[in-house]
Amino acid sequence: WELAKDFDCRSSSDKDESGLRKWGGGIVVLHLFPNLELAPLEVTAQDGFVNVGVRLKNQSPVAGPVHVYYRWESTGAWKRYEQTLTVKPYQNTARGEAVEPFVMRLPGPEKPDKLTVLVWPDPGTGLTTNHPDLGGATSAVLSESGGLDRLFEAHTRELTLRDNMQSAAVQPVFCGDLTVSVNAPARAPDEGFTFTVTATRYGCESLQNVIIDATVNGITQRQRVAFRGQTAVATFESGPQYGESRAWIRVVVDPDNLVRESNEANNWAERSVVLEETWLDEIVCPYDEPPEKCFRSRLYE
């Protein structure tokens, strides 16, 4: 660099008296100022999730893992994405190969929010000295044009960190909606009965199965059932209900709220069944007839 800054390309030679090249300006510049650039985020929605395309341009010959951190403005907390992408030398530049975006898949927000993504080269690439402590990367710091560089100036060898970060507004995304219904007899014996529960999906095409809870007089059963077309049907047994006059049934689809829906209030249904006491026929045997003969003879009447 000391040689290069005094070099006058119009009057100087880049060779010494022996004809050897004294420096290579292009090589000096690229190695002194390596840089990663994150393109604007490509955000799409699918079944309650957002897919975030992370496209990196590498202005250096380094290669290796790059970690991805993200932050929802509503929470203000940084999280590290579980997967790591790998950067290639000069990728997505004229000197390297074109590389498809790395896709992050995140649960979508329940209300409009702002997503910020930061890429941080692993120390093994030589572009950083350690992993970032993002506790200081507050909204105020992020709003400064050189805030990240000031915060991490001792930990990076990149030309600038400002272009390692991009933000995008994200609207609420839902997979659609789930509803549930129960089909049970109006009257049934108290020794037990069978009933069915049907979950219906509207949208949510990638949802392959769903959990259904069925509670009968305080006793809950759980089944995971697969969708056949737009419905998933589960069959339950009430079990004996001796001494009860009614069976109160409550069913819930997606009881743990694992599916992000546009309406969570229609995930349950209730039904009551009138129970009829089960009576056994009374058998009276003659005094002088052995019991086994008495019961056998009346069994086939």
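Strand β2 and strand β3 (residues 49–54) run antiparallel and are joined by five bridges, where strands (E, at least two residues) and helices (H or I, at least four residues) are DSSP runs numbered from the N terminus. Within this pair, glutamate 42 has glycine 53 of β3 as its bridge partner. The model is a predicted one, in which local features need pLDDT of at least 70 and side-chain atom pairs count only at pLDDT 80 or more, whereas totals for chains, interfaces and linings use all residues. Residues are numbered from 1 along each chain as its sequence is written, and side-chain values use heavy atoms, with hydrogens and water left out.

The pair belongs to an open sheet of three strands in the order β2-β3-β8, with antiparallel pairing; two strands are taken to pair if DSSP finds at least two bridges between them. Because β2 (42–46) and β8 (102–107) stand at the edges with a single partner strand each, one side of each is left without a neighbour in the sheet. From one strand to the next, the twist averages 25 degrees, with axes given by lines fitted to C-alpha atoms (for helices over the stretch in contact) and angles running from 0 to 180 degrees between N-to-C directions.

Another open sheet of three strands, also with antiparallel pairing, has the order β11-β13-β16. Its edge strands, β11 (176–183) and β16 (231–237), each pair on one side only, and the twist averages 20 degrees from one strand to the next. Strand β13 (residues 194–203) and β16 run antiparallel and are joined by seven bridges; threonine 196 has threonine 235 in β16 as its bridge partner.

Most residues other than glycine have a negative phi, and most peptide bonds are trans. Asparagine 92, in the loop between β7 (85–87) and β8, has a positive phi of about 60 degrees, and asparagine 257, in the loop between β17 (246–253) and β18 (268–276), has a positive phi of about 55 degrees.

The second largest pocket has a volume of about 220 Å³. Of its 13 lining residues, Trp72, Ser74, Thr75, Pro109 and Asp113 are the closest to its centre. On a 1 Å grid over the protein atoms alone, a pocket is an open set of points with protein on both sides within 12 Å along at least five of seven lines, a cavity is a set where a 1.4 Å probe fits but cannot get out, and lining residues have an atom within 4 Å of a point. Grid points are joined across faces, edges and corners, and a volume is the space filled by probe spheres set on the points. Strand β5 (residues 64–72) gives the most to this lining, with three residues. The lining has five nonpolar (Ala, Val, Leu, Ile, Met, Phe, Trp, Tyr, Cys and Pro), five charged (Asp, Glu, Lys and Arg) and three polar residues (the others, Gly among them).

The mean pLDDT, the predictor's confidence in each residue from 0 to 100, is 86 for the protein, and 84% of its residues reach 70 or more. Over residues 1–5 the pLDDT is below 50, and this stretch has four contacts in the model beyond near neighbours in sequence, a contact being heavy atoms within 4.5 Å. Where pLDDT is low, the predicted coordinates should not be read in detail.
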